[in-house]
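Okay, thanks everyone, let's get going.

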Amino acid sequence: MAEKRDYYEVLGVQKGASEDEIKKAYRTCAKKYHPDLHPGDKECEEKFKEVNEAYEVLSDKQKRARYDQFGHAGVDSNYGAGGAAGGSPFGQGFDMDDIFSSIFGGFGGRRSNNANAPMRGSDVEANVVISFEESAKGCEKEISYNCVTTCSECHGTGAKEGTHPKTCSACGGSGRVTISQRTPFGVVQTQRTCDACHGKGKIIDSPCRRCGGSGRQRKTKKIDITIPAGIRDQQILNVSGRGNAGYNNGPAGDLHVYVSVRPHVLFQRRGDDIWCDYTVTFSEAALGCELVVPTIDGDVSYKIPEGTQPGDVFKLKGRGFPRLGSRGRGDQYVKIVVEVPKGLNGKQKDMLKQLDSLKGDKNYPQKKNFLEKLKRIRKN
């Protein structure tokens with residue numbers, strides 16, 4: 001077996017990375033190598049498995065602690081010194097789970113010495129794309145995703161219909177066997193995975209034709225989820241119990257739904273506030289006017305005062321996004337853009353020249369201040 005890469009290297013993070021950094025790195029790598037995006041690409045499939053294996057260890061505090069101290073040997077009892085499968089850095093017959101169990105009282109050990117104990121299924125991920133308005137109002141969405149379920153034919157036993165798994169005679173159903181070794185210090189007993197049943201505790205003579213004896217099958221599921229009002233782009237919704245099926249009647253994992261919000265043609269979200277630009281003519285800005293402003297709740301009227309300047313911003317209170325998990329809403333901010341007219345005819349130009357000849361300094365205080373500053377600069 002090829003030597004495994006360092007899990008931190010696989011995810012592209014430093015050894016002291018935080019949980020959020022590890023989660024973000026995993027999501028980036030998983031998207032990059034996801035088999036659905038690279039159908040038939042064996043290299044991407046292997047890298048995707050490698051990324052998931054790294055995340056499974058580094059996202060678990062106990063497994064990560066073992067990995068940081070002992071490397072791959074701390075989390076994989078089949079991984080020996082020098083990266084060879086089937087060996088052990090502590091000698092033949094030793095098992096990492098037994099070592100950790102004896103030292104730390106079960107910290108980092110197997111879920112149970114009982115091979116048939118219930119075990120929770122792993123989590124799965126799915127993506128959903130919603131509109132800007134749906135993120136503001138909330139919505140119901142049907143999503144489709146792949147997950148592992150209990151085999152519908154054998155109901156999880158792995159045995160052909162009409163037959164049943166047999167208890168392994170080599171280990172008595174425990175999935176582990178005791179090995180006695182004579183050492184200079186006396187006889188030492190250790191436990192390791194049973195070779196006959198490979199740790200399952202049961203032997204299947206006639207495997208189920210549908211699942212091949214695994215008791216599990218991959219299916220595509222569809223479910224309806226409720227997306228709350230105010231959700232942000234790239235937030236994750238957790239749907240409990242909708243992930244991969246557990247083992248030995250253990251609970252299913254969870255479904256993590258990544259929400260993507262499509263950009264809006266007019267609006268931008270900043271926190272819980274909404275921003276937009278509104279274009280007015282020169283005369284509307286100079287004389288003031290009543291605007292019909294679009295909001296996520298519909299159009300509203302707003303009167304801008306005469307002398308409104310380009311870049312002025314006014315606020316529509318409570319017209320922003322609902323604050324997720326609390327009461328209240330953000331605001332909507334509207335930035336004024338003054339459009340300078342183009343393609344004027346002769347008459348229009350004459351009228352503007354006449355207006356310009358009638359102007360006074362008090363009509364253009366900003367320009368007056370600018371010219372005064374310019375004069376002082378030139379004098380110096």
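So, tyrosine 67: with a relative accessible area of 5%, it's buried, and buried here means under 20% relative accessible area, with exposed being over 50% and partly exposed in between, using a 1.4 Å probe and protein chains only. Tyrosine 8 counts as buried too, at 4% relative accessibility.

Before I go on, this is a predicted model, so local features need pLDDT of at least 70 and side-chain atom pairs count only at pLDDT 80 or more, while totals for chains, interfaces and linings use all residues. Residues are numbered from 1 along each chain as its sequence is written, and side-chain values use heavy atoms, with hydrogens and water left out.

Back to the rings. Rings of Phe, Tyr and Trp (for Trp, the six-membered ring) pair if their centres lie within 6.5 Å; planes under 30 degrees apart are stacked, over 60 edge-to-face, and the rest tilted. By that rule we get seven aromatic pairs. Take tyrosine 8 and tyrosine 67: their ring centres are 6.1 Å apart and the planes sit at 45°, so that pair is tilted. Tyrosine 8 is in helix α1 (residues 7–11) and tyrosine 67 in helix α4 (residues 61–70), so the pair ties together parts 59 residues apart in sequence. Helices, by the way, are DSSP runs of H or I with at least four residues, strands are E runs of at least two, and both are numbered from the N terminus. Ring pairs also bring in Tyr7, giving a cluster of Tyr7, Tyr8 and Tyr67.

Now, how are the planes of phenylalanine 132 and phenylalanine 321 arranged? That pair is edge-to-face, 5.2 Å centre to centre with 80° between the planes. Phenylalanine 132 lies in helix α6 (residues 132–137), and phenylalanine 321 in the loop between β14 (313–316) and β15 (332–339), so this pair links parts that are 189 residues apart in sequence. Both of those phenylalanines are buried.

Next, charges over rings, where NZ of Lys or CZ of Arg has to be within 6 Å of the ring centre and within 35 degrees of the ring normal. Arginine 216 lies over the face of tyrosine 247, 4.0 Å from the ring centre. Arginine 270 does that over tryptophan 275, at 4.3 Å from the ring centre.

Backbone next. Histidine 155 isn't a glycine, yet it has a positive phi of about 60°. You'll find histidine 155 in the loop between β2 (139–150) and β3 (166–167), and at 62% relative accessibility it counts as exposed. Asparagine 249, also not a glycine, has a positive phi of about 65°. Asparagine 249 is in the loop between β8 (236–239) and β9 (255–261), and counts as exposed at 80% relative accessibility.

And the whole protein? There are nine helices and 15 strands, and of the 380 residues, 32% count as buried. Call a contact heavy atoms within 4.5 Å; among contacts between residues at least 6 apart in sequence, 61% join residues at least 24 apart.

Last stop is leucine 352, which sits in helix α8 (residues 346–358). At 36% relative accessibility, leucine 352 counts as partly exposed. Okay, that's my tour, over to you.
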